[in-house]
Amino acid sequence: MKQVSATSRIASLGLTFALLWSAGTAAATAQTAAPPEAPATLNAVDFNFVGQANLGAPFQIDSGRLAETKATSAAIRSYAHLMVTTHIPVVDALNVILKKKNVTPSNTLLHGAYDAMIFTLEADHRAAFDRNYVNGQVEYQKGNAALFEQEIQNGADPDLKEFARQTLPKIVDHLHRAEKLAAEAGRLASK
């Protein structure tokens with residue numbers, strides 16, 4: 001049986017996340033009414049946003065905690081610490097909004113993808129961990145920025161749109177930091 005590399009698994013999971021995200025976004029944009037499982041107070045775009053954002057921030061905390069201890073680079077550990085410390089208030093802020101609206105998001109398909117990504121990171125070691133974590137962050141932050149931009153442009157709920165507006169600059173900053181880490185890792189690998 002052929003063994004699949006950790007990089008291939010991460011790339012596959014990243015692709016899975018991207019496909020799930022784009023499918024959810026396309027479906028949310030195409031629908032004029034919220035899906036049947038959506039609370040009456042949320043339209044399809046808002047419901048899609050809540051489901052993904054509700055899982056994304058905890059994923060960032062969990063993967064960041066792994067990277068704080070497993071990364072070989074002080075720069076990656078510092079970035080991971082930033083992911084943990086900045087996403088805890090994001091989770092709290094989103095939960096306040098959801099509680100106020102009596103919304104309980106559920107997206108079990110994405111939950112499985114996140115669990116698989118965490119499992120893969122747990123199995124990685126040293127340089128492979130660093131590479132997969134950083135490359136995963138670049139891809140994740142790109143998708144996350146697009147998700148938040150989608151909510152800002154097409155969401156209907158004013159609280160969720162404001163949450164997205166306030167959070168997007170942090171996501172863009174995280175993306176730039178992750179891209180810088182990836183570029184630095186590429187320079188080191190080419191030496």
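**Stop one: a glycine in a helix**

Select Gly186, which counts as partly exposed because its relative accessibility is 39%. Keep in mind as you look around that this is a predicted model. Gly186 sits in helix α6, residues 158-190.

Most residues other than glycine have a negative phi. With that in mind, click on Arg126, which belongs to helix α5 (residues 126-154). Arg126 is not a glycine, but its phi is positive, at about 50°. Arg126 is also exposed, since its relative accessible area is 60%.

Next, jump to Asn102, in the loop between α3 (74-101) and α4 (108-123). Here phi is near 55°, again positive in a residue other than glycine. Is Asn102 buried or exposed? Its relative accessibility is 68%, so Asn102 counts as exposed.

**Stop three: α2 against α3**

Finally, show helix α2 (residues 44-70) together with α3: their axes come within 8 Å and cross at roughly 150°. Angles over 145 degrees count as roughly antiparallel, so that is how α2 runs relative to α3. The crossing of α2 past α3 is left-handed. To see the contact, select residues including Val50, Ala57, Ile61 and Arg65 of α2, and Met83, His87, Val91 and Leu94 of α3. Colour the whole contact by class and you get 14 nonpolar, six polar and three charged residues.

Conventions. Residues are numbered from 1 along each chain as its sequence is written. This is a predicted model: local features need pLDDT of at least 70, side-chain atom pairs count only at pLDDT 80 or more; totals for chains, interfaces and linings use all residues. Side-chain values use heavy atoms; hydrogens and water are left out. Helices (H or I, at least four residues) and strands (E, at least two) are DSSP runs, numbered from the N terminus. Buried means under 20% relative accessible area, exposed over 50%, partly exposed in between (1.4 Å probe, protein chains only). Axes are lines fitted to C-alpha atoms, for helices over the stretch in contact, and angles run from 0 to 180 degrees between N-to-C directions. Angles under 35 degrees count as roughly parallel, over 145 as roughly antiparallel, 65 to 115 as roughly perpendicular and the rest as oblique. A crossing is left-handed if the near helix is turned anticlockwise from the far one by less than a right angle, and right-handed if clockwise. Contact means heavy atoms within 4.5 Å. Ala, Val, Leu, Ile, Met, Phe, Trp, Tyr, Cys and Pro count as nonpolar, Asp, Glu, Lys and Arg as charged, and the others, Gly among them, as polar.
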